[in-house]
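Q: Could you walk me through a structure I have to look at for class? I would like to ask about one part after another.

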Amino acid sequence: MHLVVLLKRVLDPEIPQTAFSLDPERKQPHALRHPYVLSVFDGNALELALRLREAGTDVRVTALTFGPKAAEDVLRKALALTVDEAVHVLGEEEGLTAARKARVLAAAISRLPSPDLVLCGRQAADWEAGQMGGMLAEALGMPCLPFVSSLSPAAGGFEAVQQVESGQLVLRLPRPAVVTVTNDPGNVLRAARIKDVMAARGRGLTTIALQDLLPGTQGVEASVETLALRLPAPQRRAEICEGAGPAEAARLLARRLRELGAV
Amino acid sequence: MDFRLSPEEKLILETVQSFVQSDLMPLEQELQQAELEGHGQDFPDQETLRRLQLKARELGLWGLQTPEEYGGLALGQQMTALITMEIHRCLVPFQFGGAADNILFAGTQEQQREYLLPTIAGERRSCFALTEPTAGSDATNIRMQAVAEGDDFILTGEKIFITGGNEADFAIVFAVTDRGKGARGGITAFLVDREMGFTSRYIPTMGSWGPARLTFNQVRAPRRNVLGEVGKGFELAMRWIVNGRVIIPARAVGRAQRLLEMGVDYARQRVAFGHAIGDYQAIQWMLADSEVEIEASRWLVTHAAWLQDEGIDNHHEASIAKLQGAQMVNRVADRVLQIHGGMGYTKELPIERVCRDVRVFRIYEGTDEIQKRTIAKDLLRGTAGLGRWE
């Protein structure tokens, strides 16, 4: 069985709000001194892939990323977490729509042994667009199941737990398929074991230049121009709904929320 | 000159941070409660410590500097120092398992079987016994006698301020075997089991460091328990001490970093006269001074550790790092307590405890004054900074 996990390197979303600023020239966040990390939901996806490998036999996990040279970091991390292969599509993703990025990733996946399952985070922790899973599934001609929190092998495919507003659905998923993964206490990405970190030191990445993957970059040229990028003006308003007890406080809170049009 | 960590080094630190965050940090509340109830010194107990060590072992964090053939990671001093900084950002006392005093590796095969391997496995506990009531900084002046008698040595004397001495089941003891030669060939290291007859007594201190006084009254140790060679004990002692002179300031950096974070948080939140106190220059200067000193210490430690990894004599740089780190953490602790005002002085917060705990950094493993003496002597001899860019 072959599992492909998409990993994205993003600006650390945990940096303090006060440290976050925008570069008006580039219309991008200032990132010179800020750390980059693996997008958190992609980490959940990687954890599910590793668990599927542990639960089965002859399961291989390939980590795939698209981005500049520095994006290699997330693949190094994946190798330290013992993925079997790491593939880097080297190219600039800035200005590409999600649909075009999906084309790039689909082309990269088509060069790999046919996957039984492609996993990605439900949304990336930078722009939070949440489009990649569906668009990639379309490009690959596979069904897509979003908001999956756990997976187990089942006859002909997988059994997936999907988080929905009203609770959880347990669904049967055929293979091949794409899933987008949401966070859950049960799929927190493990820490790399030190010996695996050291063993990964000598392991190579497979690098594919974007130009080689899609010659002439037809259809994947930058197609979006950011005209303006602004931070929302922070508004500090605080009210405390005090009541004689929890029940009264809750009633007051509910009334206030209605007054504000929040509910 | 490249100050970046390699991807592997970053990943190792990530794993350490993950362990600190998920396993150590949650215990801080318990420690604070224990402190309020008057038994903070006993936290964590040996059982909890062992459980934490085994949890860390699952991640491969075991025997950081222990050679690979002994099941360790064989990490260099620089990586060990960086890990130490991370671990000491948490206020819960902790050390990884799988470690042994560096000089135990100098033992014979039989000694390694009997002392080193069980220590690495956590089955036996050792202590390093050099300091005496009349010979602390002046370690060349120790008086404990070891008199040869047939195939044995008879040890008589007292050791004081011995870390882990009350819990240890064997001690690495330094005693005079040739008074005429003194430290130059007259001091020998012995491996002495508690069953051979030494006794220990806990010494209460102002902090959580709980050393012991060891008494040797005609304790008979067989000649096969000499560690290294007869008369070469002082060199072994120095090897042990220099190692600590890099690790102690690394602990200081971790502690100070955490305290500064607490100070910054409080300066943002605490309002006085209509403003967050961080808006006032008096508080800003305390924060800025602390940041500058912590950064200075971080690089002094990292450089001294790097020299050691390169096999370059680092005693001068290690003394600078130890002196600066020990003084720095005390100043930072005092400033952060001051920023917290009355709250900082209470036992509701851990700051007063850290203030008491870090005071000993300026005393053990070479006092401030001994570090200064070393640094000054190197300057006067003209050896300071030689080969700095080699």
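A: What follows is a conversation about this structure, which is a predicted model.

Q: Into which domains is chain A divided?
A: There is a domain 1, covering 2-217, and a domain 2, covering 235-263; the centres of these two domains of chain A, taken over C-alpha atoms, are separated by 40 Å.

Q: What order do the strands have in the open sheet of chain A?
A: The open sheet has nine strands in the order β11-β10-β9-β12-β8-β1-β6-β7-β13 of chain A, and the pairing is mixed. Strands β11 (167-174) and β13 (206-209) of chain A stand at the edges with a single partner strand each, so one side of each has no neighbour in the sheet. On average, neighbouring strands of this sheet are turned by 30° against each other, if direction is ignored.

Q: Can we zoom in on a pair, then: in which sense do β8 and β12 of chain A pair, parallel or antiparallel?
A: Strand β8 (residues 117-121) and strand β12 (residues 177-181) of chain A pair in the parallel sense, over five bridges. As an example from this pair, V118(A) has V178(A) in β12(A) as its bridge partner.

Q: Which strands does helix α1 of chain A touch where it packs on the sheet?
A: Helix α1 (residues 40-55) of chain A touches β1 (2-6), β6 (60-67), β8, β9 (144-154) and β12 of chain A, and its direction makes about 150° with that of β8(A). Helix α2(A) also packs on the sheet, where it touches β6 and β7 (85-90) of chain A, and the direction of α2(A) makes about 175° with that of β7(A).

Q: Now the two chains together: how many residues of chain A are in contact with chain B?
A: Twelve residues of chain A are in contact with twelve residues of chain B. On the chain A side, the elements that give two or more residues are α2 (72-80) and α5 (194-200) of chain A, and the residues of that side divide into six nonpolar, no polar and six charged.

Q: Moving to chain B, what does the domain assignment give?
A: It gives domain 1 (7-100), domain 2 (126-227) and domain 3 (235-381) of chain B, and the C-alpha centres of domain 1 and domain 2 of chain B lie 29 Å apart.

Q: At what angle do helices α8 and α10 of chain B pack?
A: Helix α8 (residues 315-345) and helix α10 (residues 368-381) of chain B pack at an angle of about 145°, with their axes 9 Å apart, and the crossing of α8(B) and α10(B) is left-handed. Residues making the contact include L323(B) of α8(B) and I375(B) of α10(B). By class, the contact of α8(B) with α10(B) has four nonpolar, six polar and four charged residues.

How values were computed: Residues are numbered from 1 along each chain as its sequence is written. Chains are lettered from A and ligands numbered from 1 in the order in which they are written. This is a predicted model: local features need pLDDT of at least 70, side-chain atom pairs count only at pLDDT 80 or more; totals for chains, interfaces and linings use all residues. Axes are lines fitted to C-alpha atoms, for helices over the stretch in contact, and angles run from 0 to 180 degrees between N-to-C directions. Helices (H or I, at least four residues) and strands (E, at least two) are DSSP runs, numbered from the N terminus. A crossing is left-handed if the near helix is turned anticlockwise from the far one by less than a right angle, and right-handed if clockwise. Two residues are in contact if their C-beta atoms, placed from the backbone, lie within 7 Å. Ala, Val, Leu, Ile, Met, Phe, Trp, Tyr, Cys and Pro count as nonpolar, Asp, Glu, Lys and Arg as charged, and the others, Gly among them, as polar. Domain bounds come from an automatic or database domain assignment. Two strands pair if DSSP finds at least two bridges between them.
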